[in-house]
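Subject: Structure handover

Hello,

Here is the structure I promised to pass on. Please open it beside this email and follow along.

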Amino acid sequence: MTDHGRPPIAVFDLDNMLADTAHRQHFLEGRRRDWAAFFAAAPADPPLDEGVALAMESARVCEVVYLTGRPERYRRDTLEWLAAQQLPDGRVFMREDADRRPARFTKLAILRRLARDHEVRVLVDDDELVCDDAERAGFTVVRARWARKSAALEEAQEREGRT
């Protein structure tokens with residue numbers, strides 16, 4: 001428990017950390033990225049065993065929080081996917097639909113807000129820039145390197161602020 005009487009929190013990204021996006025990354029290749037199709041295909045994401053195991057283990061001692069760059073309009077699909085995978089219940093923080101800032105800015109702002117009232121025990125994310133900024137800000141980070149990511153997805157995460 002923290003000084004606030006709350007359990008510490010463990011913060012988990014979704015795409016390429018818990019959810020394998022390999023089957024839908026092709027929508028981001030080429031000059032015209034099809035973001036609607038990319039996110040519409042998310043309910044078919046298979047779970048990533050390494051991430052799921054880490055979330056389940058963390059839930060024994062922490063409150064689990066999900067922090068994703070997915071737009072808010074995909075909340076229902078996201079909640080249904082989490083439930084279908086039998087992942088621990090937890091608050092889900094998503095990007096506002098019109099927010100196109102890189103995830104390293106949006107996620108760090110939310111982490112700092114969470115840290116005001118909770119001990120943030122760990123952030124687990126696949127985005128190297130998010131991890132770098134979180135570590136510089138003093139957060140403990142686990143870099144999720146167990147999923148395949150296309151170059152198009154990595155560029156989209158930083159330049160287009162979409163995931």
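A residue counts as buried when its relative accessible area is under 20%, and as exposed when that value is over 50%. Keep those cut-offs in mind for what follows. Please note too that this is a predicted model.

**Overall picture**

Buried residues make up 50% of the 163 residues in the protein. The protein exposes about 8200 Å². Carbon and sulfur atoms supply 47% of that area.

The count of elements is six helices and five strands. Along the sequence they follow the pattern β-α-α-β-α-β-α-β-α-β-α.

**The nonpolar cores**

How many residues does the largest nonpolar core have? It has 24. The residues with the most contacts inside it are Phe 12, Leu 18, Tyr 66, Leu 82 and Leu 87. Several elements contribute: S1, H1, H2, S2, H3, S3 and strand S4 (120–125) each supply at least two residues. H1 gives the largest share, three residues.

Leaving aside neighbours within four places in sequence, Leu 87 is in contact with Leu 18, Val 52, Ala 55, Met 56, Tyr 66, Trp 81 and Leu 82.

There is also a second, separate core of 17 residues. Val 11, Leu 111, Leu 114 and Ala 134 are among them.

**Salt bridges**

Side chains of opposite charge can pair when their charged atoms come close. A search of the whole structure finds 19 salt bridges. Here are some to look at.

Lys 107 pairs with Asp 13, and their closest N and O atoms are 2.9 Å apart. Lys 107 lies in helix H4 (residues 103–115) and Asp 13 in the loop between S1 and H1, so this pair ties together parts that are 94 residues apart in sequence.

Arg 70 sits in strand S2 (residues 63–71), while Asp 45 is in the loop between H1 and helix H2 (49–58), so the bridge ties together parts that are 25 residues apart in sequence. Arg 70 has 2% relative accessibility and therefore counts as buried.

Arg 95 forms a salt bridge with Asp 99, with 4.0 Å between the closest N and O atoms. Both Arg 95 and Asp 99 are buried. Elsewhere, salt bridges that share partners join Glu 128, Asp 132, Glu 135, Arg 143 and Arg 145 into one network.

**A closer look at Asp 45**

Go back to Asp 45, in the loop between H1 and H2. At 3% relative accessibility, Asp 45 counts as buried. Which side chains does Asp 45 meet in polar contacts? One is His 23, at 2.6 Å. Another is Arg 24, at 2.7 Å.

Now the wider surroundings. Not counting residues up to four places away in sequence, Asp 45 touches Asp 15, Ala 19, Asp 20, Thr 21, His 23, Arg 24, Arg 70 and Trp 81.

**Two backbone angles to check**

Most residues other than glycine have a negative phi. Two residues here are worth a look.

Asn 16 has a positive phi, near 65 degrees, and is not a glycine. Asn 16 is in the loop between strand S1 (9–12) and helix H1 (35–40). Its relative accessibility is 1%, so Asn 16 counts as buried.

Gln 86 has a positive phi of about 60 degrees, and again is not a glycine. Find Gln 86 in the loop between helix H3 (75–84) and strand S3 (91–95). Is Gln 86 buried or exposed? At 64% relative accessibility, Gln 86 counts as exposed, because the cut-off is over 50%.

Best wishes

Methods. Residues numbered from 1 in each chain as written. Predicted model: local features only at pLDDT ≥ 70, side-chain atom pairs only at ≥ 80, totals over all residues. Heavy atoms only, no water. Helix = DSSP H or I, 4+ residues; strand = E, 2+ residues; numbered from the N terminus. Buried < 20%, exposed > 50% of the residue type's maximum accessible area, 1.4 Å probe, protein only. Areas by Shrake-Rupley, 256 points an atom, 1.4 Å probe, with all protein chains shown as cover. Salt bridge = Lys/Arg side-chain N within 4 Å of Asp/Glu carboxyl O. Polar contact = N/O pair within 3.5 Å; in protein donor to acceptor, adjacent residues only side chain to side chain. Contact = heavy atoms within 4.5 Å. Core = buried A, V, L, I, M, F, W, Y, C linked by side-chain atoms within 4.5 Å.
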